[in-house]
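Open the model in your viewer and keep the selection tool ready. Each stop below says what to select next and what is there.

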Amino acid sequence: MSPEQLSRIIRATAELIGARLDAVFADLNNLLPDILLIADASPGGRPAKADFEPLRPQLQAIMARHDGLVDGAGIAFGRDVLHDAASWLEWWRLGQGGEPEFAAHVFNPNSIRYYEYSAMSWFQLPTMSGRSLATGPYIDSGGTDLNIVTLAVPVQTAHGSPSALGADLFLPVLASIFLKSVATRDRAVVMVNDGGRVVTSNTARHSTGTLLSATSPSAFAALFDDYVSVPSAEPGRIPWLVGILKNG
């Protein structure tokens with residue numbers, strides 16, 4: 001395969017991945033007004049956990065609309081947003097039978113299963129920056145305990161610290177989309193995040209979650225014969241690139 005053909009392939013792949021993730025971000029953004037309406041309508045602007053139960057069909061619909069790419073969706077509440085819980089996740093996942101199931105988490109700091117989501121990058125980065133972001137792959141310790149990617153959109157209600165509306169990507173489906181688009185193993189093609197961690201690739205030498213030798217965007221040029229950023233309707237929210245490794 002010629003360098004020109006490979007160049008076209010990685011650009012088409014980056015555009016495809018960007019479009020699929022942008023569609024998930026669009027679904028999340030469409031839900032934001034309903035979250036704010038519920039919060040504003042509650043006494044003192046501080047809702048209860050149960051006030052968000054009417055949004056469950058919409059969260060489950062996000063999982064159903066993306067051909068298996070999204071296997072979890074929900075709301076992670078910021079501190080003091082709810083009047084009846086300091087921490088809470090209104091979060092749903094696809095069960096083994098493909099049906100949505102409520103994802104119960106442990107919020108007891110004394111438990112070995114404690115899920116301190118407020119300290120995790122998928123929650124911290126978008127809520128602190130005020131910008132939507134794709135985070136990962138990372139090990140979801142205390143949650144799925146698997147390598148996942150989370151797309152998150154910050155939500156600021158009248159009271160409390162920012163919350164995050166998010167969707168978890170099922171990485172085997174993301175890998176399948178990538179491999180079908182690349183459609184060659186003549187050269188090693190990888191998709192990595194801005195920390196140099198492999199999201200997926202077409203070679204077992206660079207599996208999901210492993211690090212390339214370069215871990216900053218400025219150093220990536222030395223690793224690739226050619227590479228391109230994954231585009232997005234909101235620049236920067238998908239900090240990934242697709243590249244052809246030198247000597248790969």
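Select Tyr-117 first. Tyr-117 is buried, because its relative accessible area is 2%; buried means under 20% relative accessible area, exposed over 50%, and partly exposed in between, with a 1.4 Å probe and protein chains only. This is a predicted model, in which local features need pLDDT of at least 70 and side-chain atom pairs count only at pLDDT 80 or more, while totals for chains, interfaces and linings use all residues. Residues are numbered from 1 along each chain as its sequence is written, and side-chain values use heavy atoms, with hydrogens and water left out.

**Aromatic rings**

Rings of Phe, Tyr and Trp (its six-membered ring) pair if their centres lie within 6.5 Å; planes under 30 degrees apart count as stacked, over 60 as edge-to-face and the rest as tilted. The count is 10 aromatic pairs. Show Phe-52 and Phe-77. Their ring centres lie 4.8 Å apart with the planes at 50°, so this pair is tilted. Phe-52 sits in the loop between α1 (3-41) and α2 (56-64), and Phe-77 in the loop between β1 (70-76) and β2 (89-94), 25 residues apart. Helices (H or I, at least four residues) and strands (E, at least two) are DSSP runs, numbered from the N terminus. Both Phe-52 and Phe-77 are buried.

Phe-107 and Tyr-117 both lie in the loop between β3 (100-102) and α3 (121-129), 10 residues apart. Phe-107 counts as partly exposed, at 23% relative accessibility.

One aromatic cluster is formed by Trp-88, Trp-91, Trp-92, Phe-102, Phe-107, Tyr-115, Tyr-117, Trp-122 and Phe-123. Which charged end sits over the ring of Trp-88? That of Lys-49, 4.3 Å from the ring centre. A charge sits over a ring if NZ of Lys or CZ of Arg is within 6 Å of the ring centre and within 35 degrees of the ring normal.

**Salt bridges**

The structure holds 10 salt bridges, each a side-chain nitrogen of Lys or Arg within 4 Å of a carboxyl oxygen of Asp or Glu. Pick Arg-93 and Asp-168. Their side chains meet at 2.6 Å, N to O. Arg-93 is in strand β2 and Asp-168 in strand β6 (residues 163-169), so the bridge ties together parts 75 residues apart in sequence. Arg-93 is buried at 16% relative accessible area, and Asp-168 is buried at 2%.

Move to Arg-187 and Asp-225. Their closest N and O atoms are 2.6 Å apart. Arg-187 is partly exposed at 22%, and Asp-225 is partly exposed at 46%.

Next, select Asp-22, Glu-234 and Arg-237. A network of salt bridges links them. Between Glu-234 and Arg-237, the closest N and O atoms are 3.7 Å apart. Glu-234 is partly exposed at 28%; Arg-237 is buried at 6%.

**The sheet**

Finish with four strands. They form an open antiparallel sheet, in the order β8-β7-β10-β9. Two strands pair if DSSP finds at least two bridges between them. β8 (198-201) and β9 stand at the edges with a single partner strand each, so one side of each has no neighbour in the sheet. Five bridges join β7 to strand β10 (residues 240-245). Zoom in on Met-191: it stands opposite Val-242 in β10.
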